[in-house]
Amino acid sequence: MDRFLEDLLNPVNLVAALIAGAVALAGAVYLVMRPKFFRLMLKNLRRNFVRTLLIAIATVVLVAMVTLIWTVLYFLDQVTTERAKDFKLIVTERWQIPSQMPPTHANYLDPDNGSFLADLHGRYTSNDFMTWSFYGGTIEKGSYTRESIVFFFAMRPEHIRSMMDEGESISADLVEKMKNNRRGVLLGRDRMRQVNRKVGERFNVFGLNYKGIDLEYEIVGQLPEGRYDLSGIMNADYFNESLDQYKQQKKMPHPLDQKRLNLVWLRVKDRASFNEIGNIIEKASVFSQVPVKVETASSGIGNFLEAYKDLLWIMKTLLVPTILAIMVLVVANAISISVRERRAEIAVMKVLGFRPGQILNLVLGESLLVGGLSGLIAAGAIMGMINSIGGLKFPIAFFPAFLIPEWALAWGPAMGCATAFLGSFVPAWQARSVRVSEVFAKVA
Amino acid sequence: MNVPYLLLVAGGGLLGLLAGFYLALPLRKVPIRYNVRSVMVRWLTALVTAVAVTLVIAIVVFMTAFVKGMDQMTENTGHPGNVLLLSDGATDETFSRVSAGFSFSQFSSPIQNKIVKTDEGQFLASKEVYVIVTHVVPNSSPVKRRFVQMRGIDQPRLAAKLHGIELATGDWFSSTGVPEVVLGDGVAKTFGQDLGKPSIQIGDVIEIGPIKQWKVAGIMKPSGSTFGSEIWVHDGIVQERFGRVNAYSAFVVRTANAADAKEVAKLITEEKSADRAFQAYTERDYYANLSATNDQFRIAIVFVAVVMSIGGVLGVTITMFAAVSQRVKDIGVLRLLGYSRWQILCCLLVESVVIALIGGLIGCAIGACFNGYTMNSIVSSGQGGGKSIALKLVIDGWLILGGLSAAILMGGVGGLIPAVHAMRLKPLESLR
């Protein structure tokens with residue numbers, strides 16, 4: 001419920017819900033109070049069926065397009081908007097990416113570790129802590145193609161469900177399997193398909209970023225579809241053991257031994273806690289050799305999206321308004337033609353006692369009915385289609401795919417209604433203002 | 001897939017077909033004046049349709065210019081004779097780590113013989129350490145960070161010669177370890193804008209990463225390559241301050257030509273020993289591999305363009321259906337006067353194509369205004385890594401022709417069904 005209210009307060013969702021709700025309510029009222037008038041609208045729409053169909057097709061296609069674009073923008077907006085509570089705090093190397101820190105950095109931040117910083121005691125628990133290391137390799141030695149390369153997040157299984165974004169969607173059984181089998185990994189659907197492996201299979205990976213660290217895995221399960229389709233998760237203990245074994249065998253540490261920790265995530269309850277904890281960590285002398293920075297997840301993701309800023313600007317400021325403008329023009333053109341063709345009929349209606357307001361409502365109603373229904377159909381259809389294939393595959397930063405949110409079911413009708421209203425208001429006003437004497441003078 | 005070229009063929013073909021029909025038909029033609037008057041009568045609907053087409057074409061030209069700018073950047077980066085050496089298995093400089101102790105004279109003779117030497121007998125080669133630095137945007141509140149690309153170079157003049165980089169102003173940094181930077185033209189503009197001026201100037205002092213006071217020693221001439229988005233500094237500083245002691249990211253060597261580069265890349269990759277193993281790419285291949293993002297954007301743009309065009313096509317269809325329904329009697333008269341069905345079809349198709357073409361012309365003109373406009377993006381191989389780039393939108397004659405052809409196609413496709421409907425009207429029935 002909290003989540004629903006939080007999403008509802010998003011300006012786009014709120015405006016969409018208000019528009020769609022208001023039009024649906026007005027339609028329902030008309031249907032109940034003036035059923036004959038409603039039937040007249042339907043008859044009018046059916047009379048020039050080709051034109052109605054063309055408007056509907058244009059609306060469906062363009063609303064579907066805007067829904068796709070807005071899905072990407074909405075998701076990125078969500079992940080870069082700071083939440084009021086349940087902050088995720090990211091600790092990374094201060095001055096460069098990829099962040100590479102010594103493993104001891106994690107010890108100072110782990111509440112279960114003896115080296116845990118005294119100043120942090122009681123500020124968060126072990127359930128609010130997780131580490132990330134990135135291991136990449138190829139399943140065929142010497143081959144570096146998309147079909148042979150796999151990347152894994154090395155993390156402790158017990159942190160997956162509690163800390164990862166959408167982690168609760170990963171079943172507890174799979175996590176248990178990873179705990180029981182150190183070589184057990186979870187792979188995303190697309191990655192599994194790319195490397196042509198199935199759940200239950202074993203395979204070897206030859207390290208690319210960790211040269212000389214070759215690992216043997218068993219796929220114990222598939223990650224939920226969507227965000228993690230191209231990802232893989234391995235047990236951090238196995239990763240760390242492999243680096244330790246390398247040191248024993250080669251009598252020297254791996255070149256990346258002291259750079260094996262990429263990120264630390266902490267969860268804090270609010271902004272004030274974030275500021276306090278961030279301050280303590282950034283100033284801690286234990287991090288002076290390899291300085292760290294502390295930022296919120298939203299700000300960290302925002303930094304990565306900086307390179308896409310102009311592209312996102314094109315999508316948001318240029319593409320979406322242009323498509324909506326085209327929809328308005330198409331509707332305006334069709335409705336104004338329709339009104340011109342029906343001038344005599346409108347004059348007769350006025351003679352029969354229809355008031356100008358009713359004529360205005362009739363034309364607007366026809367347009368809103370087509371727009372709203374087409375928008376709903378477009379949003380529903382595109383949501384069903386795209387989500388059934390695991391989301392819109394348009395990789396941006398580290399997001400490989402975007403699932404269309406349920407809120408699209410409000411965006412679609414709202415877009416359809418808004419563009420229908422804007423496109424048909426002037427023609428509807430012209431219809432309202434038809435002068436009976438002028439029309440009959442011309443007919444005569 | 002060259003989309004503007006395909007559009008050009010399709011649109012040009014349609015225009016040719018229409019012109020051919022119109023000129024080759026043995027009977028008299030429906031006078032163009034008739035179409036002009038008809039459009040004048042319905043000027044508002046024609047105008048609205050043309051505006052819809054204008055919007056579609058303008059946005060498609062703009063977006064295609066964006067991808068063309070990215071393409072041009074990846075194509076222009078890298079000398080055909082250069083070979084880039086990364087650590088074995090690496091596909092990106094960001095994740096590559098090669099030993100600083102390596103000497104080019106360790107290569108076998110066949111490789112050494114192919115590497116070009118300078119007048120002083122030195123290998124025309126460079127050792128480079130590449131890092132992506134977190135840069136705090138000055139005066140930003142709340143604090144904003146961006147990632148900037150820094151390349152540590154051992155011999156800047158030699159590296160500049162190797163990469164075809166020239167300085168627009170200033171000089172190369174000294175090798176004394178004093179923090180001095182040479183900025184690419186793109187990054188100089190970005191940093192300048194942070195400080196409220198068009199570009200950073202020589203002598204300015206800027207903060208990048210852990211070093212608070214970098215003195216700007218030089219600014220590169222625009223090269224249209226990804227190097228224009230980089231910061232070049234002395235290698236020792238990068239190695240010391242970014243945890244890369246005794247390591248480089250890549251070596252670059254120059255061979256005589258593209259064929260030699262290919263051969264040397266192959267020989268170097270195959271020549272592995274216990275103490276050295278490289279993954280070598282010709283520089284052109286390496287940067288061409290960074291076009292995965294371009295391909296992704298290109299596919300997205302084609303998809304968006306097709307969908308938007310459907311909107312434009314439907315706008316034309318609605319207008320032309322209305323035009324036909326209002327001219328049923330006209331069409332009956334024309335048929336009785338002896339004009340054939342095909343001439344009626346041509347007459348209406350020409351009308352819809354011209355409306356769309358006018359929209360297309362205005363759309364292309366609007367799009368063309370953005371030629372050379374600078375924007376930021378990212379290029380990557382799609383396997384991690386990638387480079388932020390400052391690119392210039394590229395709008396050339398082919399793109400304009402492609403845009404016009406798309407408009408002609410929209411007019412042709414949109415007008416076809418109403419024109420066929422008009423063509424099939426029976427003269428006597430039309431006049432009733």
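Analyst: Confidence, then helix packing

Within chain A, helix α16 (residues 436-443) of chain A has the lowest confidence, with a mean pLDDT of 75, while helix α5 (residues 104-109) of chain A has the highest, at 96; pLDDT is the predictor's confidence in each residue, on a scale from 0 to 100. This is a predicted model, in which local features need pLDDT of at least 70 and side-chain atom pairs count only at pLDDT 80 or more, whereas totals for chains, interfaces and linings use all residues. Residues are numbered from 1 along each chain as its sequence is written, and chains are lettered from A and ligands numbered from 1 in the order in which they are written. Chain A averages a pLDDT of 90, with 98% of the residues scoring at least 70; chain B has a mean of 86, and 94% of its residues reach 70 or more. For the complex, the predictor gives an ipTM of 0.81 and a pTM of 0.83. Where pLDDT is low, the predicted coordinates should not be read in detail.

The part examined here is helix α10 (residues 292-326) of chain B, where helices (H or I, at least four residues) and strands (E, at least two) are DSSP runs numbered from the N terminus. Its packing can be followed partner by partner.

Helix α3 (residues 43-76) of chain B packs on α10(B) at an angle of about 170°, the axes being 9 Å apart; axes are lines fitted to C-alpha atoms, for helices over the stretch in contact, and angles run from 0 to 180 degrees between N-to-C directions. The two helices, α3(B) and α10(B), are therefore roughly antiparallel to each other, given that angles under 35 degrees count as roughly parallel, over 145 as roughly antiparallel, 65 to 115 as roughly perpendicular and the rest as oblique. The contact of α3(B) with α10(B) comprises 15 nonpolar, ten polar and two charged residues, where Ala, Val, Leu, Ile, Met, Phe, Trp, Tyr, Cys and Pro count as nonpolar, Asp, Glu, Lys and Arg as charged, and the others, Gly among them, as polar.

With helix α12 (residues 341-368) of chain B, the axis of α10(B) comes within 11 Å and crosses at roughly 140°, and α10(B) and α12(B) are therefore oblique to each other. The crossing of α10(B) past α12(B) is right-handed, a crossing being left-handed if the near helix is turned anticlockwise from the far one by less than a right angle, and right-handed if clockwise. On the α10(B) side, B:V316, B:M320 and B:V324 meet B:L348, B:S352, B:I355 and B:A356 of α12(B), two residues being in contact if their C-beta atoms, placed from the backbone, lie within 7 Å. Six of the residues in this contact of α10(B) with α12(B) are nonpolar, one is polar and none is charged.

Against helix α13 (residues 397-423) of chain B, the axis of α10(B) comes within 8 Å and crosses at roughly 35°, again in a right-handed crossing. Among the residues making this contact are B:G312, B:V316, B:M320 and B:V324 of α10(B), and B:G411, B:G414, B:G415 and B:P418 of α13(B). By class, the contact of α10(B) with α13(B) has 13 nonpolar, seven polar and no charged residues.
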